[in-house]
Amino acid sequence: MPQLGFLHGRAWAALLGQLRRPPGAVCIGAVHSHSQAAEATLASQLKPHKEKSNFIIKTPKGTRDFSPQQMVVREKILDMVISCFKRHGAKRLDTPAFELKDFDIAGHFDPMIPDAECLKIMCEILSGLQLGDFLIKMSWKDVRHEMVAKKGLAPEVADRIGDYVQCHGGVSLVEHMFQDPELCQNKQALEGLGDLKLLFDYLTLFGIAEKVSFDLSLARGLDYYTGVIYEAVLLQTPAQAEEETLNVGSVAAGGRYDGLVGMFDPRGHKVPCVGLSIGVERIFSIVEQRMKTFGQKIRTIETQVFVATPQKNFLRERLKLIAELWDAGIKAELMYKNNPKLLTQLHYCEDMAIPLVVIIGEQELKEGFIKLRSVASREEVAIKRENLVAEVQRRLS
């Protein structure tokens, strides 16, 4: 079995000692908690003071701050990427110097099987992120290198393939090249085309052949690639072209780099490698701009239940209720005031899209029941106090 993992930008030199083991790492920034009290306190502290300060707070160079809304989007993107990597058997390697979103396969394997899986992973992630239609292009540069340097094909014969440089397509283009008399007379050329045809056969089995285009005009500039190189681009509709001005280029890329690892091994061991990188920052920029364009609201908390009261002096009862919910693993919140107004509490639940509100007052306490309110429909039902956790779990499920 090949070894799978996540690596940053093919940064193999520092990780050479790990290559014989499953490479991989994903480092995700800390997630900050949110509460209405913390938000209010922060806002008050950030108000301008009349007195001039002796110091200025600045974001460190090379870093940026993210709002709660941005962090929600980033987490969803990273979760989607990481879960896909794990679904394909990836293991983690801790490289804390980087924030990584890469997947690499290192080891000896039969031709084109890991290459096809990398393309499949790329399709799964881009489809799951729902960014719109996309296309994965395979470049001309690496194909020519494969035929000239690795397969021993004479340059003048390889240049014959240059006649196809403006062509692009799938397995049909490869089959058309098979019919070229000059190429068919050369064993090495047939082997190179055979690898491409084999790759498209695997892509067809994976159900993604229509998402991959053999584009001979595409060339990526990284010298360490030694085989098939590919990159994914988003396909804009006419409407999107008018609405979006952000030019992000490719959103994912990868390829084969069989010779890179051996460059850093004193013994010269060759470790065949193929991998892909997901452009999380570019994807985040696209999603963020679309959110602004369409005015989308992002829920920044995961609170499932809010504990409220319409009356004064019920803090202790609210604390008892919320403790029961917390102990049952339910995400719950309350307002950090002794006597909050009910309307304020309900407005907060609507603003934060909290699905359920538990309401307790004098009558409820006396008769041993609780009101459970649906925030979306504003419907309320009375349930027995002892049935609260079970009823909340049932509704949340």
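1. Let's start with Gln 130, which sits in the loop between helix 3 and strand 3; helices (H or I, at least four residues) and strands (E, at least two) are DSSP runs, numbered from the N terminus. Gln 130 follows helix 3 and has a positive phi, near 55°, although it is not a glycine. Most residues other than glycine have a negative phi. Gln 130 counts as exposed because its relative accessible area is 69%; here buried means under 20% relative accessible area, exposed over 50%, and partly exposed in between (1.4 Å probe, protein chains only).

2. A word on what you are looking at. This is a predicted model, in which local features need pLDDT of at least 70 and side-chain atom pairs count only at pLDDT 80 or more, while totals for chains, interfaces and linings use all residues. Residues are numbered from 1 along each chain as its sequence is written, and side-chain values use heavy atoms, with hydrogens and water left out.

3. How far can you trust it? The mean pLDDT (the predictor's confidence in each residue, from 0 to 100) is 78 for the protein, with 71% of its residues at 70 or more. Confidence is highest in strand 9 (residues 305–308), at a mean of 98, and lowest in strand 1 (residues 3–5), at 42. Residues 1–47 have a pLDDT below 50, and beyond near neighbours in sequence this stretch makes 125 contacts in the model; a contact means heavy atoms within 4.5 Å. Where pLDDT is low, the predicted coordinates should not be read in detail.

4. For the overall picture, the protein has 14 helices and 13 strands. Of its 397 residues, 45% count as buried. Among contacts with a separation of 6 or more, 71% are between residues 24 or more positions apart. The protein exposes about 21900 Å², of which carbon and sulfur atoms supply 53%; accessible areas come from the Shrake-Rupley method with a 1.4 Å probe, and for residues only the protein chains shown count as cover.

5. Helix 3 has 16 residues and reaches 23 Å from its first C-alpha to its last, close to the 22 Å expected at 1.5 Å a residue; the expected span is 1.5 Å times one less than the number of residues. Its buried residues include Pro 114, Cys 118, Leu 119, Met 122 and Leu 126.

6. Gly 89 follows helix 2 and has a positive phi, near 85°.

7. Which way do the residues of strand 2 point? Asp 102, Asp 104 and Ala 106 point one way and Phe 103 and Ile 105 the other, and all are buried. In a regular strand the side chains alternate between the two faces of the sheet. Strand 2 pairs with strand 8 in the antiparallel sense over five bridges, where pairing needs at least two bridges found by DSSP. Phe 103 stands opposite Leu 276 in strand 8.

8. Gly 275 also lies in strand 8, and it is buried, with a relative accessible area of 0%. The C-alpha atoms of Gly 275 and Asp 102 are separated by 7.3 Å, although these residues are 173 apart along the chain.

9. Strand 5 is covered on both faces: Val 212 and Phe 214 on one side and Ser 213 and Asp 215 on the other are all buried. Strand 3 (residues 134–138) runs parallel to strand 5 and is joined to it by three bridges, with Lys 137 opposite Ser 213. Strand 4 (residues 168–169) pairs with strand 5 in the antiparallel sense over two bridges, and His 168 stands opposite Asp 215.

10. Asn 313 lies in the loop between strand 9 and helix 11 (315–327), and its phi is near 60°, a positive value in a residue other than glycine. At 69% relative accessibility, Asn 313 counts as exposed.
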